[in-house]
Amino acid sequence: MQAERVELKRSLKLSHLILMGLAYMTPMVVFDTFGIVSEMTNGYVPTAYVLALAAMLLTAVSYKKMIRVYPTAGSAYTYTQKSINPHLGFMVGWAALMDYLFLPMVNALIFQIYLSSIFPAVLGWIWVVGFVAVVTLLNLLSINSTANFNTFLVIFQACIILLFIGMAIKYVLNGGGASSAFSVRPFYQEGADMSLLIAGATLLCFSYLGFDAVAMLAEETPNPKKMIPRAIFLTALIGGIMFITASYFIQSVFPDVSAFKDPEASSPEIAASMGGAIFQFLFIAGGIAGTIASGISSHASVARLLYVMGRDRILPEKFFGYVHPKLRTPVLNIILVGGFSLTAVFFSLATATSFISFGALIAFTFVNLSVIAHYVFKKKEHMSIKGSFTYIVMPLLGAATVAVLWVNLEQNSLVLGISWSFIGFLYLVYLTKMFKKKPGNIEFSEMEELEPATLIENNKTMDV
């Protein structure tokens with residue numbers, strides 16, 4: 001009798017999912033980008049965050065619609081494959097793979113920069129190796145252990161942001177910064193240039209990257225059709241509220257960029273001016289916590305994407321589709337991602353970050369288009385006014401906001417993304433024998449339709 005496939009363990013709660021998404025987004029990044037966006041918008045960073053949040057929520061709504069139909073860890077790859085075309089689905093997954101693979105490397109490089117500033121005598125590659133080793137080890141453990149550790153790191157960042165807000169209120173009430181701690185000036189004032197606000201929002205949209213990564217944890221959630229849509233939307237919303245609130249008080253203290261020596265490196269200057277050396281140390285600690293949290297989440301996400309592509313036999317199933325029978329995690333993928341992340345020692349941060357964003361925009365675009373393909377062309381649910389608005393207008397608005405990001409995408413990212421996609425296309429030609437057959441496909445089991453209690457019971461049986 002053939003042994004049953006070992007599957008990922010369905011044990012994550014809604015809070016775990018949200019915090020994993022927030023960890024990916026890194027709440028402390030609001031301080032790192034503030035100077036750049038404040039200069040770009042002439043001092044209206046909170047408004048730029050509001051506009052960016054509105055754009056991301058449109059795509060989050062499309063994710064909600066699609067995860068209810070296809071509750072697997074494949075995310076945009078699965079939605080496109082099932083709703084539009086299997087070959088196109090492969091290309092979307094391949095493009096997203098580049099984005100996911102390079103983010104753990106970027107986090108390793110940021111971690112190196114933080115620690116090298118504190119311990120300049122230590123060789124930089126040591127911090128990269130140490131970071132990758134810790135993140136890989138944590139991901140090898142059960143997904144619950146990973147989520148619980150990330151919870152601590154996100155809460156730590158939130159505490160630092162709250163501490164800053166308290167200090168900012170006191171500072172402004174004592175006559176510093178703007179005239180009032182609760183002025184509308186940071187949001188809008190007569191003469192504000194809307195084109196500059198949109199440009200700032202375009203840049204800040206990339207701060208929200210990560211809310212979609214929650215979809216990669218669908219197969220480790222007891223009731224993914226309900227929990228994952230909520231988690232995706234709430235991750236984007238809560239992250240947006242954190243960004244808007246923090247930027248509001250930063251803008252209240254620093255109405256313009258004249259106080260910064262270097263607007264592109266505003267975080268340490270904000271910390272030093274508000275609380276001196278002690279607060280600056282806490283800021284660095286928060287930045288390190290954010291980097292580790294993002295590293296853990298991004299590492300977990302790419303390992304799950306590789307697992308789904310292996311399970312579908314798009315990548316060699318024996319390796320990529322393997323799940324450890326006791327840990328119930330894709331251990332070989334996790335180790336592989338760790339090994340790939342070690343190549344960060346050969347890259348600069350600027351080079352590594354140039355690989356990011358192309359895959360995310362591909363994913364966002366095709367999630368919105370998948371809604372139209374599935375609900376309009378397959379299910380014909382657009383015949384009413386409500387259906388037309390829900391399944392045509394909303395996803396088109398989401399795709400339009402992503403189109404704005406495409407226009408503003410860095411040229412290096414575009415060139416590298418196209419090159420990576422071309423390699424994927426060649427592999428697809430080989431995989432399908434010149435498109436004579438379809439690439440691997442996901443076959444949904446009856447388990448996806450079970451109620452949460454039944455799923456939990458099944459998992460208990462598997463554990464035994």
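At 0% relative accessibility, S298 counts as buried, where buried means under 20% relative accessible area, exposed over 50% and partly exposed in between, with a 1.4 Å probe and protein chains only. This is a predicted model, in which local features need pLDDT of at least 70 and side-chain atom pairs count only at pLDDT 80 or more, while totals for chains, interfaces and linings use all residues. Residues are numbered from 1 along each chain as its sequence is written, and side-chain values use heavy atoms, with hydrogens and water left out.

S298 is placed in helix α10, residues 266-311; helices (H or I, at least four residues) and strands (E, at least two) are DSSP runs, numbered from the N terminus. The side chain of S298 reaches the backbone oxygen of S294 at 2.8 Å, and a polar atom of the S298 side chain lies 3.2 Å from the backbone oxygen of G295. Leaving aside neighbours within four places in sequence, S298 is in contact (heavy atoms within 4.5 Å) with Y24, Y100, L103, P104 and N107.

Helix α10 also packs with helix α7 (residues 143-173), at an angle of about 155 degrees and with the axes 9 Å apart. Axes are lines fitted to C-alpha atoms, for helices over the stretch in contact, and angles run from 0 to 180 degrees between N-to-C directions. Helices α7 and α10 are therefore roughly antiparallel to each other, since angles under 35 degrees count as roughly parallel, over 145 as roughly antiparallel, 65 to 115 as roughly perpendicular and the rest as oblique.

A further pair is formed by α2 (residues 29-41) and α8 (residues 194-204), which pack at an angle of about 160 degrees with their axes 8 Å apart. The contact involves T33, I36, V37, M40 and T41 of α2, together with L196, L197, A199, G200, L203 and L204 of α8. These two helices, α2 and α8, are therefore roughly antiparallel as well.

In helix α12 (residues 331-341), the residues V331, N333, I334, V337, G338 and S341 are buried. Seen down the axis of α12, they fall within an arc of 165 degrees, so they line one face of the helix; the arc is that of the directions from the helix axis to the C-beta atoms. Among the elements covering these buried residues of α12 are α5 (86-118), α6 (124-140), α10 and α11 (317-320).

Two loop residues remain. N42, in the loop between α2 and α3, has a positive phi of about 65 degrees although it is not a glycine, and at 51% relative accessibility N42 counts as exposed. R313 lies in the loop between α10 and α11; its phi is near 65 degrees, a positive value in a residue other than glycine, and R313 counts as exposed at 56% relative accessibility.

Notes. A polar contact is a pair of N or O atoms within 3.5 Å; within protein, one must be able to donate a hydrogen and the other to accept it, and residues adjacent in sequence count only if both atoms are side-chain atoms.
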